[in-house]
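Colleague: I would like to learn how to read a model of this kind, one feature at a time. Where do we begin?

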Amino acid sequence: MPDQLLQIGRRLLQAVPSVIGIVIISFALTRALPGDPAVYFAGAMADEESIAEVRQALGLDRSLVEQFFIYVSNLLQGDLGLSLNTGLPVLEELLTRLPASLELTFTGLGLAVLIAVPLGMLAATRPGSWIDHLCRVLVTAGVSLPTFFTGLFLIYIFYFLLGWAPSPLGRLDILYLPPPHVTGFYLIDSLLAGDSETFWAALRQLVLPAFTLGLFALAPIARMTRASMLSALGSEYVRTARANGLSHRKVLFTYAFRNAALPLLTTLGMVFSFLLGANVLVEKVFAWPGIGLFAIEALVASDYAAVQGFVLSMALLFVVVNLMIDLLLTLIDPRVSMSD
Amino acid sequence: MKRFLNHFFYVMSENPVTVFAFSLFILIILTALFGPWLAPYDPLATQAANALQPPSLQHWFGTDHLGRDVFSRVIVATRLDLGIALSAVALSFFIGSALGSAAGFWGGWTDRIIGRLSDTIMAFPLFVLAMGIVSALGNSVENIIYATAIINLPFYARVARAETNVRRNAGYVMAARLSGSSDLRILATQVFPNCLPPMMVQISLNMGWAILNAAGLSFIGLGVRPPDAEWGIMVAEGATYIVSGEWWLALFPGAALMLAVFCFNLIGDGLRDLVDPLRRT
Amino acid sequence: MTQPPFVSIEQLSVDFRTRNGIVRALDKVELSIKKGETLGIVGESGSGKSVTAYTLIGLLDAAGRVAGGSAMFDGMTMTGASESQLRDLRGREISMIFQNPRGALNPIRPVGKQIEDVLLRHARASRQNARAKAIEMLQQVRIVEPEKRYWSFPFELSGGMCQRVMIAIALACDPRLLIADEPTTGLDVTTQKATMDLIRDLTRERNMAVILITHDLGMAAAYADRIIVMQQGQVVETADVKTLFTRPAHDYTKKLIAASPGPYSELDDLTAVTNGPADAKRPRRVSAADPGQQAAAAANKFLLEVIDLVKEYPHRQKQGWQWPWSKPDDADSGFRAVDGISFQIKRGESLGLVGESGCGKSTTSSIIARLLDPTSGDIIFNGQNLTTFRADQFAHQPQRSLIQMVFQDPTESLNPRYTALDAIAEPLKRLKKITAATEIKQRVEKMADLVGLPQHLLTRFPHQLSGGQKARVGIARAIAVDPLLLILDEPTSALDVSVQAVVLQLLDQLKTELGMSYLFVSHDLNVVRLLCERVIVMNRGKIVEQGLADEVLRNPKQEYTRILVDSIPHFEPDNL
Amino acid sequence: MQRRNFLKTAVLGAATLPFLRYLPAEAASRAGTLVVVVGNNINSLDLHRKGTNRPSYQVTVNIYDRLVRFGVKTTADGSLAYDSTKIEPEVAESWQWSADRKSITFKLNPKAKFWDGSPVTAQDVKWSFDRAVSLGGFPAVQMKAGSMTKPEQFVVIDDMTFRIDIPAPSKLTLPDLAVPIPFIINSKVAKANASKDDPWATEYLHKNPAGSGAYKIARWDPGQQFVYQLNEDWALGPKPGIKRVIVREVPSASTRRALTERGDADLYMGIPAKDSKELAAKGKVSISGAPIDNCLHVLALNLKYKPFDNMKVRQAIAFALPYKEIVQAAAYGRGEPMYGGKQATPADITWPQPFPYDTDLAKAKALLAEAGMADGFETTLSYNLGLAEWQEPTALLIQESLGKIGIKVTLDKIPGANWRTASLVEKRLPMHMENFGGWLNYPDYYFFWAYKYGHLFNSSNYKNPEVEALVDSTLHMETTDPQYAENVKRMIAIAFEEVPRIPLYQPYLDAAMQKDVSGYASWFHRQLDVRGIQKA
């Protein structure tokens, strides 16, 4: 067990260069953004003088290197700066908005896994059959649609025409209030508060955007499930299991699927990253108050601190998710020695 | 050649979906090549009096808010979209696979640096990074291509690294060393060509992504500049007209876009089988 | 014998759907087994031995189909049985063990659990006592510390241990028939013997019938009661062991017997089809016996001199963080793959290098071929110390063409994108700097003739060639640049015996014709002896014993060598 | 922000905002609640603060009071709009100009009470005005337009009397007090929350309102929504009809339209012209809107770049623009035409009024030939991504039309962040679109900003000594002055002839609302003023 702890430590250390790279890239990227935030924020009628004042106040008159070191030292103290756009500390903004994005992403991912994994398994047990082809066509169609297009069409059909879905106004309908803040996930918080009405309301709001996202994630998950199931089913240990007369269920789940789940898990990390990206568009379509929406607005306003904070937190989130997946893998797969 | 055709037909006969995808692919290529001659109207000519006409016999796909013929625009856009996808993928393929094979082949130093670099790029959600790059560099077709290429780099690097790594100690690589080939030559002639089949799938998937990526950028206002017709920007603009009932503005370019992405996504497996020498007899 | 046989297969035909149409894999196969009998099924790859077994227990893959005939097990028709009936039978009445035991075990499930799965499935244990029974099974297959091993994963066990676990799983439910499909392929000879002995002991105890599928006639002879020989989907001969070896009826059987090298067989015997067993007392032809040549060799002293060669690998990656540019710590002397060996090869001489897997023989050959840098030591080749060049620069040295190598796996050693012609032409282009296409073609064709490769095959890709043909391409490529030293790294271990025989003869013939020296690396002493005058036995990176091949094989001085020799199964008529 | 509070704030997040955690039960019913959808996000409650964006002005409009306000009139089509000619009392009960018209004295209304019950005093007014001129940036600039630059100009006479001194008489001072900027803050509350580093309590007022207005803020979830709650004690005007207003930020325009059409939103502010036209035609919701005073959408030609320094070229372009199509395809008819004027000189001082240009390609070609550019030239037309809704179709139509007279135009879409810098500050866009509107409805005020050299909205780099002189002498002149009309006519005539800015049309500000919503008025500041709105 201490060996495993050591390996976890090693894995954590391995993330360090990535994190350094991420900090540099996010800084460089945001400084390359066009537009002079000083001009933008000095206001509609500002003159040269007031622009210069703002520039100084924002520290934009210093050299890039200087700005970078100020940025890093602030970062080390947990200070992501103030969002010029909203006037609130970026960290605070991100922390209030992150649960919204995560709730959406995880629901979308969950939905996709629930649909794609059985589809992939079905396809893998009947390779080359029409079911296999149908699955492939279906999931590929899902990933071929631009998410915003899917989202808008779903709104048009299910909200505007049919009236089945609630108004696409973010996490809760206008007349509901968010449940008391515990985790920030409305579904969980409302359950904790024992408020089933709010739970259903939040769930109803989630359905369309989560489905839009999930549709996008079907293909990679189903593809990976199919491929790894195929290789597991064709493996020698499955042949052994069959030769020993183990039941179909046992062979399929305990022997084939558990092995196939390992590469699948790694894929899920990638898919999660995809979804975080696609989230930006979906949030815009569904007025979802997550960090994606925040980022688009910040980007348009060249809001350095906000864009930086967003890019940084997204990348760190990805690193953390992958780390967790790796740790999970070590728990499931005895062979993974995290040395590489 | 005859052998290749036989092989082609065998790969096709194995998989009806691939046949469909390949026919679609050919159709797209033809449209891209001959689009300007196929379009019944000038795709850029406005006719304000004739704006927002629903599909009719004159305008199969209707007209847009400036009275331009949507059908013509959809047709003509094929070339630009294919161009974006191809050049972005080509760029990331060449650079990414070169870096990846170098990392996989030599390992050590090279591997660690390239590995960290691609890890870092991969850590950013792809669309977010593309968004940042395009807004930093400005939204032109070239920059969209660069951004798409950059975000796809790590995929090629990873695949190439893994494939090279498996092969770097293969018997035929040893044999090539014994034949007096230099490392670089071995990499280029012995190792790399054999990494191609699994990369074909990546290429075709990335072609689809490239188009989707451009469309997404258009949606948040960072896409191709007007008046050029491009599917993504047409969908993005048309999307705002869906609620007001002018569905044809988004639907037709959306369908074209979907078909193209769909086709690229499906064609990968077929391409891999086609390129793989082991599948020939 | 009026009652129906325990297992009987009658007129069994099996078809496979492939890209090129339907292929008949089994053609009217007939066989039967009595209770408690061990039946050996022998044949070369593709002969249908495994298909026969798979058909019997209903494990044919989707492309295969029974086209006619039947397989009966204890009065029950297996070929028409439903999947659920078969499933009940598998593991309980009939069980199977496979080659590559590590791959055949679920990699992420403790081995004990895998035994339990079978026990529970066939109701041989309850949830309460399953673990105890599984541990008991581990004990029966003589695994030490079975309680601890219960929780081991396959990757934590050696190949031999894994095979024991496989046996434990197979025997857990006391089946009445065990099918062992090449159970020891890939294992070292010493492990092989231990495993086979274990199988024999356990099945005898339980009075089980065994089907032993193998390509190794010696193994079948040592462990089977009766042998059937298969060729291209047909049974060509069935006989008890002694009859088969002393009076083989079918030409193919004779060919097979002849081609299997025994301790006394000679190269020429391998392809000779005689009516009796190989006459071991014929005088041995001395290779490279031309006295003139020998004299020249003596004058030039040694072609190759290896002095105190050492190769170390870092023990393990250093724990903790490493900078991308940090080098492995030199002070941390790790595992010594090659531990100070010295030997010489004379001009025109063949030296065998023998040992079990991991003994360092392949590392040694790679270093001599200058594909790998040694940690220390010298390699004096043709009067020049080759260790002065780094491995990655050696490609540009003139000596490069003088040391060539033939690789173990003919498939893996040919680039799948290169035709046979391209493969053979590559060294000519690089090392001989021949650029004219016609000249290259000419020389390649000459090489093809030399190694007996029909010229029309030159345009084919590796996957379109048979194993023997690929081996010839590999040899042609190696000798195309007229090397002085040819390193043969287990050149025949992936080949069927009959092909091996031909290839060995080819190598011998080339040596005499071209006057090369060989360094022949192999795990099989019998094979080495056929081609080499002298032999070196390696164990754990050190030379254990060296001397004249016949001498070492017949009168080993060291205990290790003796075990090695004894472990090789072969037909010993005197012991029957 | 102070670092030691940092973590605490960050963890508690928006929950620390001093608003209701829960809306009272009545919020669950739609009666008395107005749901408004807007496209932009509100980023501050304090208009004086640097970085506060335009959409946030509406907060100031509704939760703070000013000394005076503009009246409301009914336009020809029955919509309500502010009346720039009528100034009404708000916190000031009455006011008196001095004889030399260099100071105004205001009597404060005793009914004006802050939310905490304390009366609005002259000290509060002074503190607020001092703040407006001291914090710099946009507030200072806007105050300057009304000749207010220094705290010394604001004099407290007694608790209820307040005086403003101006260096020279100006017609702009009083109207400038009715714009959102000079709002009155509860100075006691603000001072209590000020610090040495932050004497004007910008950190506090950024998130905490302290006013006397008709509405308080019940809840603010940045980036999502915003809830106004009626201040029952407000007595400075007719009692507002709406108890609660929920302002919801919905970034997608088509979603906003869908919400409105389906009746989930009561009011849709700033509806795009196309939607407003179509919704009006459908008749399910009512549309209210008026042309925005003193505002023009123009095509600006930058004189710094050849050949736009040539008047003939500018005129040629003015004759080559497809005005009708632009009004039709970009403004969907919701724009007053600014082309086809009959005379070359203005008949009256109406502003804006149609320019004497119309689409006439032959004339355009002739002018271009006169300028020696018969073969045309190449140029770039830039427009703002943030305003692509009307600018993009306009740009495309212009591109096509100019192509017909040989001018090859490349389009350049510039992101909003970059737009200001490029177009207004650096003034480096050769041909671009511009949409300035003056808050104070005087033609000379428009010319001051858009035609004077170096001024912010003169993105054409237009420089004409005559215009400079005219604007300087007219800006503060009373409209009753006989010279005023003369000067303004001359300015307009010069703009007609020289056309550095070619007007395309005068835009409308439209809002869509459910049939039961009434009393909506459109304002020069283009924000929602909730106070007049009723819901049946």
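**Reading the features of the model**

Modeller: D74(C) is found in the loop between β4 (64–73) and β5 (76–77) of chain C. Keep in mind that this is a predicted model.

Colleague: What is the phi of D74(C), and is the residue buried or exposed, or something in between?

Modeller: Phi of D74(C) is near 50°, a positive value in a residue that is not glycine. Burial is read from relative accessible area, where under 20% is buried and over 50% is exposed. D74(C) has 36%, so the residue is partly exposed.

Colleague: Where is E490(C) found?

Modeller: E490(C) sits in the loop between β17 (485–489) and α16 (497–514) of chain C. Its phi is positive as well, about 45°, and E490(C) is not a glycine. With a relative accessible area of 9%, E490(C) is buried.

Colleague: Which residues of chain D does a cis peptide bond join?

Modeller: The angle to read is omega. One cis bond joins K306(D) and P307(D), with omega about -5°. P307(D) lies in the loop between β13 (297–301) and α10 (311–320) of chain D. Another cis bond joins W351(D) and P352(D), again with omega about -5°. P352(D) belongs to the loop between β14 (335–337) and α12 (361–370) of chain D.

Colleague: Which residues of α6(A) are buried, and what do they pack against?

Modeller: Ten of the 14 residues of α6(A) are buried, so the helix is largely enclosed by the rest of the structure. Among them are I131(A), D132(A), H133(A), C135(A) and R136(A). The buried residues pack against α5 (90–125) and α9 (196–233) of chain A. They also pack against elements of chain B, namely α2 (16–38), α8 (183–219) and α10 (248–275).

Colleague: What does helix α11 of chain A span between its end C-alpha atoms?

Modeller: Helix α11 (residues 248–286) of chain A spans only 44 Å, whereas a straight helix of 39 residues would span 57 Å. A bend is the next thing to look for: α11(A) bends by about 45° at F257(A). Of its 39 residues, 29 are buried, so α11(A) is largely enclosed by the rest of the structure. Just after α11(A), A287(A) takes a positive phi of about 50°.

Colleague: Where does the kink in α6(B) lie?

Modeller: The kink, of about 35°, lies at N152(B), shortly before the proline P154(B). As for the span, helix α6 (residues 141–167) of chain B has 27 residues and reaches 38 Å from its first C-alpha to its last, close to the 39 Å expected.

Colleague: How do I read the surroundings of a single residue? Which residues is V238(A) in contact with?

Modeller: Start with its element: V238(A) lies in helix α10 (residues 236–243) of chain A. Its relative accessibility is 1%, so V238(A) counts as buried. Leaving aside neighbours within four places in sequence, V238(A) is in contact with A232(A), L233(A), V251(A), Y255(A) and A256(A). The C-alpha atoms of V238(A) and L252(A) are separated by 8.5 Å, and these residues are 14 apart along the chain.

Colleague: What does the secondary structure of chain B come to as a whole?

Modeller: Chain B has ten helices and zero strands. Its C-alpha atoms fill a box of roughly 75 × 50 × 25 Å along the principal axes. Of its 281 residues, 66% count as buried. Among its contacts between residues at least 6 apart in sequence, 72% join residues at least 24 apart. The accessible surface of chain B is about 9900 Å², with 69% belonging to carbon and sulfur atoms. The mean positions of its 17 positive and 17 negative charges are 14 Å apart.

Colleague: Finally, which chains share the most contacts?

Modeller: Of the five pairs of chains in contact, chains A and D share the most. Chain C and chain D do not touch, and their nearest C-alpha atoms are 31 Å apart.

Terms used: Residues numbered from 1 in each chain as written. Chains lettered and ligands numbered in written order. Predicted model: local features only at pLDDT ≥ 70, side-chain atom pairs only at ≥ 80, totals over all residues. Heavy atoms only, no water. Helix = DSSP H or I, 4+ residues; strand = E, 2+ residues; numbered from the N terminus. Buried < 20%, exposed > 50% of the residue type's maximum accessible area, 1.4 Å probe, protein only. Contact = heavy atoms within 4.5 Å. Areas by Shrake-Rupley, 256 points an atom, 1.4 Å probe, with all protein chains shown as cover. Lys, Arg positive; Asp, Glu negative; His and termini not counted. Charge placed at Lys NZ, Arg CZ, Asp CG, Glu CD. Expected span 1.5 Å × (residues − 1). Bend = angle between axes of the 7 residues up to and from the residue.
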